[in-house]
Amino acid sequence: MKLFLFTDGGSRGNPGPAASGVVIKNEKNETLCSFGEFLGQQTNNFAEYTAIISGLKKCLELGATEVVCKTDSKLVVEQLNQNWKVKHPDMQKLFVEAYNLIQKFKKVEIKHVYREDNKEADAQVNNCLDSHYNNTK
């Protein structure tokens, strides 16, 4: 089964309160699941990687054999496609976790999309952060 994984991560401040957003669709463009996760005080790059990791885990649970990951993080795309080196120690750990998850699928494509083509995952991030702010007042 082929799934389409849209991910986004965001941090209000860098570092600052951060969240990841995930939207998973089937080949008919039907949303199978979508969610956001609050990550505490983190960097934007941490949130971007965490979104891909969470999304890949969910795709495994859903029984995917092929995944097309779409994210607006050029850094994550280039690093996971092994075009750019991963220099930061914290990012190296996340890269390894994501890379190991990728190996569990028959095929995974990591593609860059522009922000306007990733609105649903972005909304998950912002809903999660807004919810966190509203609950801490």
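Helix H1 (residues 44-61) packs against helix H3 (residues 89-102) at an angle of about 20 degrees, with the axes 10 Å apart. Helices here are DSSP runs (H or I) of at least four residues, strands (E) of at least two, numbered from the N terminus. Axes are lines fitted to C-alpha atoms, for helices over the stretch in contact, and angles between N-to-C directions run from 0 to 180 degrees. H1 and H3 are therefore roughly parallel, a label for angles under 35 degrees.

This is a predicted model, where local features need pLDDT of at least 70 and side-chain atom pairs pLDDT 80 or more, while totals for chains, interfaces and linings use all residues. Numbering starts from 1 along each chain as its sequence is written, and side-chain values use heavy atoms, without hydrogens or water.

On to the cores, meaning sets of buried (under 20% relative accessible area) Ala, Val, Leu, Ile, Met, Phe, Trp, Tyr and Cys residues joined through side-chain atoms within 4.5 Å.

| Core | Size | Residues include |
|---|---|---|
| Largest | 25 residues | Leu5, Tyr49, Leu56 |
| Second, separate | 5 residues | Phe4, Phe6, Val23, Val68 |

Leucine 62 and cysteine 33 are 29 residues apart in sequence, yet their C-alpha atoms lie 9.7 Å apart.

Note on methods. Parallel < 35°, antiparallel > 145°, perpendicular 65-115°, else oblique. Buried < 20%, exposed > 50% of the residue type's maximum accessible area, 1.4 Å probe, protein only.
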